[in-house]
Amino acid sequence: MFILTDQQRLDTIHSLGASHMETPNLDRLVEEGVTFTDCHITAPLCVPSRASLFTGYYPHTTGVYSNQDSWQHTWVESLSANGYYSVNIGKMHTLPYEAPAGFHERYVVENKDRYLADMPDLPSERFYFDEWDKALRARGLVKQQREFYRKWSDYENRLGAYEWELPEDSHPDMFVGDMATWWLDVMPKLNRPLFMQVGFPGPHPPFDPIPRYAEQYLEKDLPLPEVSDSDLANQPPPLRAKREFYSEVDSDAIGYPLDPTEEQLHQMRAYYYANVSMIDEKVGEILDALEANGYTDDTIVIFASDHGEGLGDHGHIQKLAMYDEITRVPAIVWAPDRFGGGRRIEDLCQLMDLGPTVLDLADVPIPESMEAVSVVPALEGDEWDGREYVFTEQSLDLGFMREGMDEGLMTMVRSDDWKLIHFLDESYGQLFDLDETPHEVNDRWDDPDAAETKQELLAVLRNWRIRSGYQTRNWTHELGGS
């Protein structure tokens, strides 16, 4: 089973050091499983990250850089072709939304904030109604979303934090979790192996927890962002433009001022953390359903997220930046009877490495051209050094665009000790000594004392792209299409 959340930071799990969090079921996965504590995404945006995760290739190979780019082929096809019965419940973010993607059954739930249109195979004026929309309609309910929240008198001060006013079980995260347990309870156990992917829409904004979870976090002392003037002033032009964009446009029902108050930040974070705890509750119910239906003897559960969330750190909301709060995500593999539990793997890996790991565990061949690598040796306690470098890519469109700015590409390379962010065709960039400033506040891009390290990392980026192009020359034939 592969459980994937949307936009969840690593520092949202109590057992991983987040003392402010209430996550007993995720804590169980950590305490009984193997956790990769330095796992990084390949793209700080939903669709590109997921296309990379479910193919095993970097965005520049898949060609998927935005949430509007089409993708539909995945390594799930290989699982299904090798005897697995594959089911998706919740968010996958394929385009088209209902692409089979290798699954025998799909119960599609997409973004919770807005209507979805512009399907490649539908006229642009048509809305797409997913399983959640249909379930709400059957109960005479209309989902809470941006048009609903805009009617609130204090909408502009909310920073994307809203109370869920509909019945608890109508919340999208509750709906997806309940559907997963319903499927496990109702479907007779198959005489073939099962692969289930459960995609929770949260804690992606709007931050919209049910009241009983919001209340407990509103009463807590929570870690709030501390943003210095020098941090903001030294950010490259695209990141400054991104901040301006989110202060002007209520993307995903978030209106984020350039200088939010502590009260606003506290409420925003309280609601975000509450969304995580809601998902935690459903993860526990899924684990119970696996046990009740006789799956736990030979089941492996993987828990991860497609990217993190700024939450005001460095003055940024949402994603689309290369700070660790956004690139570093939870990655837990739980199989107590198979792998020694309670272990933390601190070596670098990429989120997409979980793809060939699934294939490896299922004894399904891994394509030779795949850029992701299996982490099974680490799970089994064998010698494993992880990756020397991880890479993340993002096209500069949407919130980055301002008058006089051309579209471009932002690329990150990160080692254990250093992080470099390169902007295509630009003289500016970012360079952080992670030992000196783990919170990435002292940019050394123009520091003569760091010039040698800067050139070394730029050479790593160059060689990575060249090697990638050669390694993946036959990837579309191996995967079955683009």
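Let's start with how residues are sorted: Ala, Val, Leu, Ile, Met, Phe, Trp, Tyr, Cys and Pro count as nonpolar, Asp, Glu, Lys and Arg as charged, and the others, Gly among them, as polar. The structure above is a predicted model, where local features need pLDDT of at least 70, side-chain atom pairs count only at pLDDT 80 or more, and totals for chains, interfaces and linings use all residues. Residues are numbered from 1 along each chain as its sequence is written, and side-chain values use heavy atoms, with hydrogens and water left out.

On a 1 Å grid over the protein atoms alone, a cavity is a set of points where a 1.4 Å probe fits but cannot get out, while a pocket is an open set with protein on both sides within 12 Å along at least five of seven lines; lining residues have an atom within 4 Å of a point. For a volume, grid points are joined across faces, edges and corners, and you take the space filled by probe spheres set on the points.

Searching the whole structure turns up two cavities of 30 Å³ or more.

| Space | Volume | Lining by class |
|---|---|---|
| Largest pocket | about 850 Å³ | ten nonpolar, six polar, twelve charged |
| Largest cavity | about 60 Å³ | three nonpolar, four polar, three charged |
| Second largest cavity | about 30 Å³ | five nonpolar, two polar, two charged |

Which residues lie nearest the centre of the largest pocket? Out of its 28 lining residues, they are Arg9, Asp11, Glu325, Pro438 and His439. The largest cavity has a lining that includes Asp231, Tyr323, Phe432 and Glu440. Around the second largest cavity you'll find, among others, Lys242, Arg243, Tyr246 and His316.

**Helices side by side**

Helices (H or I, at least four residues) and strands (E, at least two) are DSSP runs, numbered from the N terminus. Axes are lines fitted to C-alpha atoms, for helices over the stretch in contact, and angles run from 0 to 180 degrees between N-to-C directions. Angles under 35 degrees count as roughly parallel, over 145 as roughly antiparallel, 65 to 115 as roughly perpendicular and the rest as oblique.

Have a look at helix α11 (residues 262-292) and its packing with helix α1 (residues 24-32): the angle is about 60° and the axes are 7 Å apart. That's why α1 is oblique to α11. Contact means heavy atoms within 4.5 Å, and here Pro24, Asn25, Leu26, Arg28 and Leu29 of α1 meet Asp280, Glu281, Val283, Gly284 and Leu287 of α11. Sorted by class, this contact has five nonpolar, two polar and three charged residues.

Helix α7 (residues 172-186) also packs with α11, at an angle of about 0° and with the axes 9 Å apart. So α7 and α11 are roughly parallel to each other. Met174, Ala180 and Leu184 are among the α7 residues in this contact, and on the α11 side they include Met278, Ile279 and Ile286. The classes here are eight nonpolar, three polar and six charged.

Rings of Phe, Tyr and Trp (its six-membered ring) pair if their centres lie within 6.5 Å; planes under 30 degrees apart count as stacked, over 60 as edge-to-face and the rest as tilted. The structure holds 22 of these aromatic pairs. Trp75 and Phe195 have ring centres 5.8 Å apart and planes at 65°, so this pair is edge-to-face. It links distant parts of the chain, 120 residues apart: Trp75 is in the loop between α3 (59-62) and α4 (76-81), and Phe195 is in strand β6 (residues 194-203).

Now for the backbone. Most residues other than glycine have a negative phi, and most peptide bonds are trans. The peptide bond from Leu95 to Pro96 is cis, with omega near 5°, and Pro96 sits in the loop between β4 (85-90) and β5 (105-108). The bond from Pro205 to Pro206 is cis too, with omega near 5°. Gln7, in the loop between β1 (2-6) and α1, has a positive phi of about 75° although it is not a glycine.
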